[in-house]
Amino acid sequence: MALLWDTSLLLRKVKDLRCLTPRRHRVKEKWAATRPKLPPTRLAVHHFDATYSTQLGQLWPSVRLAMLSERKYGALLNNFSHNAALTELKAQGCVDFISEREKDIPSCLEEKSEEPSDVSMKSSDVDGEQLSLSPNIKCLVFPRGDVTRFKPARPDKNGLLGYYLMDAASLLPCLALDVQEGHSVLDLCAAPGGKTLALLQTQAIRFLCINDSSVSRTLRLRKVLHSYVPKHFLTNENLRITSFDGTKWGEIESNTFDRVLVDVPCTTDRHSLMEDDNNIFSKSRTGERRRLPQLQLELLLAGIQAACPGGEILYSTCTLSQNQNLSVVEQAIYQAREKDGIHLQVVDLKPLMRMFGNTFHFAPDLHLGEMVIPHLAANFGPIYMCKLKRLT
């Protein structure tokens, strides 16, 4: 017994037992000096879980599942191309969701209250008039629940591709902008070019100014346009492509445009969840991400100043974030009135929900603007949009 006690006492005094372990079995001790590095996609998931679970409540689990699943696309038909893309796509089972839109209000919208929940917005809300959609914009999608992928578009004899693949919900801001014959239009943050291409399909615009502050993104935009639009159209004096700082546009051209599209940079939620490359949630881009709401506010204010009295401004993002959506619009309405003396009306976009309620899944009970949220049966979005009218 005494021998066992002496042995245990001896072992306690030995600080390093590695001397008793054969050298070939020894392992170097390691301690983590920093927390394990997480990829940007994982950081985005953690951020969205913490933010959107509160913002969306019970909707978030289904939206989360849809966003982590393969997204659904639409094929924007290119009217400048002379191939038989429309016939081919319809033969595959696609339908043009614009011409086949629902005329009746979906049941989920009939119960929705028409009164805005924010008292400060009641004086600014106006009833949305029936939108007169351009018959020249066609976007084909596979039926609800069908996740078939589109084949790559083929060029015609002039090298112009037959259709442009994009999130079909991204077309809604262009439709909501309600461009009419003879309008002058500013696309303030145009790259990569899908919405610009949709605006060109209307063939009603008198003058179109296409801008993006990034030179590299503007080059990409030019390549897209050259693949879909005839060269003589791109060199026309009625179309201008620039790379100016969009936040300064009110100083460059104020009170000028009938319609202004402000599709601002945002956290691009789907990309942030699925791609580590060029992800806004990278550690090196933390400051850039935190500055996004301020940048978005400055861009929207510049778009408001660029619109002529009586003109309309469409603000849009591809994020679910309330800080980048409703909060930005609320601040812009206030600052435009207090600092610039510009009064705005919020245009009701419920007619758009009535038209496309069976193609897209809209978020319920938004007091300002409308938002398409991802759903497994209709996996488009997210897209937020709010339309403002500048009073004369």
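**Notebook: rings, cores, strands and cysteines**

I searched the whole structure for aromatic pairs and got 13. For this I took rings of Phe, Tyr and Trp (its six-membered ring) as a pair if their centres lie within 6.5 Å; planes under 30 degrees apart count as stacked, over 60 as edge-to-face and the rest as tilted. I looked up Phe48 and Tyr52: their ring centres are 4.9 Å apart and their planes stand at 15°, so I noted the pair as stacked.

Before going on, I noted that this is a predicted model: local features need pLDDT of at least 70, side-chain atom pairs count only at pLDDT 80 or more, and totals for chains, interfaces and linings use all residues. Residues are numbered from 1 along each chain as its sequence is written, and side-chain values use heavy atoms, with hydrogens and water left out.

**Entry: more on the rings**

Where do Phe48 and Tyr52 sit relative to each other in helix H2? They are 4 residues apart there, so about one helical turn separates them. Helices (H or I, at least four residues) and strands (E, at least two) are DSSP runs, numbered from the N terminus.

I checked burial next. Buried means under 20% relative accessible area, exposed over 50%, and partly exposed in between (1.4 Å probe, protein chains only). Phe48 has 1% relative accessibility and counts as buried. Tyr52, at 1%, counts as buried too.

I then turned to Phe97 and Phe356. Their ring centres are 5.3 Å apart with planes at 75°, so this pair is edge-to-face. Phe97 lies in the loop between E2 and helix H5 (107-110), and Phe356 in helix H16 (residues 350-356), so the pair ties together parts that are 259 residues apart in sequence. Both Phe97 and Phe356 are buried.

I also found one aromatic cluster, formed by Phe48, Tyr52, Trp60 and Phe281.

**Entry: helix H3**

Which residues of H3 are buried? I listed Trp60, Val63, Ala66 and Met67. They cover an arc of only 125° around the axis, which puts them on the same side of H3. The arc is that of the directions from the helix axis to the C-beta atoms. These buried residues pack against helix H2 (40-56) and helix H12 (269-274). I count contact as heavy atoms within 4.5 Å.

**Entry: the cores**

A nonpolar core is a set of buried Ala, Val, Leu, Ile, Met, Phe, Trp, Tyr and Cys residues joined through side-chain atoms within 4.5 Å. The largest one has 52 residues. Phe97, Leu171, Leu172, Leu225, Phe356 and Phe360 touch the most other members. Helix H7 (residues 172-177) gives the most to this core, with 5 residues. A second, separate core has 50 residues, including Ile304, Tyr315, Ile373 and Leu388.

I went back to Phe97. Leaving aside neighbours within four places in sequence, Phe97 is in contact with Cys139, Val141, Ala168, Leu171, Leu172, Phe356, Thr359 and Phe360.

**Entry: the antiparallel sheet**

I traced an open sheet of 4 strands in the order E2-E4-E1-E5, with antiparallel pairing. Strand E2 (95-96) and strand E5 (163-166) are its edges, each pairing on one side only. Two strands pair if DSSP finds at least two bridges between them. Strand E1 (residues 74-77) and strand E4 (residues 139-141) have 2 bridges in the antiparallel sense. Ala75 has Leu140 in E4 as its bridge partner.

**Entry: the parallel strands**

In a regular strand the side chains alternate between the two faces of the sheet. In strand E6 (residues 184-187), Ser184 and Leu186 on one side and Val185 and Asp187 on the other are all buried, and both faces are covered.

Parallel to E6 runs strand E7 (residues 207-211), joined by 4 bridges. E6 also runs parallel to E9, with 3 bridges. Leu186 has Cys209 as its partner in E7 and Val260 as its partner in E9.

Strand E9 (residues 257-263) has 6 of its 7 residues buried, so it is largely enclosed by the rest of the structure. E9 and strand E10 (residues 307-317) pair in the parallel sense over 6 bridges. Val260 stands opposite Ile313 in E10.

**Entry: cysteines**

How many disulfides does the structure hold? I found 0. I used a cut-off of cysteine sulfur atoms within 2.5 Å. For Cys139, the nearest cysteine sulfur is that of Cys94, 9.6 Å away. Cys139 is buried, at 0% relative accessible area. Cys266 has its closest cysteine sulfur in Cys318, at 3.3 Å, too far for a bond. Cys266 counts as buried at 9% relative accessibility.
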